[in-house]
Amino acid sequence: MTTPKARRPPGPSEEPVEAAEADRLRDLLRTPAYRKVLVFSALIGIPISLAAFWFLVALHELEHVLWADLPKAWGWDTPPAWWPLPLLAVAGIVVGTVVTRLPGAGGHVPAYGLQTGGPAAAALPGVIIAAAASLPLGAVLGPEAPLIALGGGLALLFRDLVRAPATPQSTALLGAAGAAAAVAAIFGNPLIAAVLLIEVAGVGGPRLFAVMLPALLSSGVGGVVFTGFGRWTGLQTGSLSVHFPLSPSRLDTGDVVWSILLATGIGALVHLVILGGRLTASFVAAAPLPRTVACAVTAGGCAALYAVVTGRSPGEVALSGQAALAQLTADPQSWGVGALLAVLLFKATAYALCLGSLRGGLVFPALFLGAAAGVLLAPLPGLGVVPGAAAGMAAACAASLRLPVSSVALVVLVLGNFETVPVVILAAVTAFVTAELLPQGPSAAPDAARERRRRTAAP
């Protein structure tokens, strides 16, 4: 029998990977160029946050005028059933014109998920116009995607104005920092912006820290600006937060089991909605202007039919779902089974149409759909209203964004309680796995892919 040979100490070429990665990070932090990026990220966080603040204020005020003030001025307590049709027709015309006439096509198609990186300066007007036409006029989309594009684009514009070197590394870092500063307060907490950018960027190792340090710093500055500036002016931007009047009881076995089953179903259904959005995008790409208008008007028709069927406001199907989510969580008992089924059907259909035709983000409508599904299924034995809604929101968010960590952080911080964290995590992971295992469909529209390459090549 042979004696095993003694192992020799590892040589320099066999240094553990972890040590090498740590050394690379320390070397990066020692470089003057990266420290300049950190300082620049803090500085640009202030103007970008102010720009995002006023952008959100303008969207919020315009939505209130169109959906509250005008109907009341004309004698209606709530918008009539036909109200979304002309508004979304105008949205379709404006967005279709932006897509066909302006650089950047108004930003990326929301059906293909959130994207980092700022557009070229020439594309920023199209992004702003398309978002301003889509969101207040009734698109079933949220503001986070335009904010990411606005923040990243402004960061790169500021870099060009000060004539800083434009390298691939600085473009990635400043794009992430600007996006984090802009999106920091829309979710009610700058930490969510940082976590969201971690997963959207899809990086790891030293590059993860290199991207996230500027993003964390800039989003922190952005949170301070949003909080202080909002208090000083008294204006509102519509930060996403919900408050259940019910105190969640201790989780039991029923909550855990039902959350997994609920998340599997919601994950599959939301995945089908996203696929519907991608099919809509392929349909619209062949003739952007007329087909964008057609899809937008059809989404408005969904809201109108909902109002006719239920007697409730068409705004519960149209718009992002932010206000409807607050109403749902404040008084879940006011929504009957029929209303919940109707809003799930009509809003999911309108969501798919808007995902492929108009411009905005995926998060807000997904959160509402998940919460509505959770409240609908809450009477199941052993499942409470709050755990059901929390699991539904996490599942819908993870299945639509494909960002499980961000979905968990978002739902936990939006709900403002930690009793439901276990079911939130289970639901997010379950829905994410379910959606990933299903057929994925097209990953990007040809026109969108070409436009991204053109923007990337732009100076």
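1. Start with V433, which sits in helix α16, residues 421–437. (A helix here is a DSSP run of H or I with at least four residues, and helices are numbered from the N terminus.) V433 is partly exposed, with 41% relative accessibility; that label covers the range between buried, under 20% relative accessible area, and exposed, over 50%, using a 1.4 Å probe and protein chains only.

2. A word on what you're looking at: this is a predicted model, where local features need pLDDT of at least 70, side-chain atom pairs count only at pLDDT 80 or more, and totals for chains, interfaces and linings use all residues. Residues are numbered from 1 along each chain as its sequence is written, and side-chain values use heavy atoms, with hydrogens and water left out.

3. Back to V433: together with I425, V429 and L437 it makes a nonpolar surface patch of about 360 Å². Patches take residues with over 30% relative accessible area and no salt bridge, joining nonpolar side chains (Val, Leu, Ile, Met, Phe, Trp, Tyr) within 5 Å and like charges within 9 Å. Areas come from the Shrake-Rupley method with a 1.4 Å probe, and for residues only the protein chains shown count as cover.

4. Now the charges. Side chains of opposite charge can pair when their charged atoms come close. The structure holds two salt bridges, each meaning a side-chain nitrogen of Lys or Arg within 4 Å of a carboxyl oxygen of Asp or Glu. In one, E436 pairs with R402, with the closest N and O atoms 3.1 Å apart. This pair links distant parts of the chain: E436 is in helix α16, while R402 is in the loop between α14 (385–401) and α15 (404–415), 34 residues apart. E436 is partly exposed at 39%, but R402 is buried at 19%.

5. The other pair is E316 with R312, whose closest N and O atoms are 2.9 Å apart. E316 is buried, at 8% relative accessible area, while R312 is partly exposed at 23%.

6. Have a look at K347 in helix α12, residues 337–357. K347 is buried yet has no salt bridge, and the nearest side chain of opposite charge, E316, is 8.9 Å away. (Lys and Arg count as positive, Asp and Glu as negative; His and the chain ends are not counted.) Still, the backbone oxygen of E316 lies 3.3 Å from a polar atom of the K347 side chain.

7. Finally, the whole chain: it has 17 helices and zero strands, and buried residues make up 53% of its 459 residues.

Note on methods:
Helix = DSSP H or I, 4+ residues; strand = E, 2+ residues; numbered from the N terminus. Polar contact = N/O pair within 3.5 Å; in protein donor to acceptor, adjacent residues only side chain to side chain.
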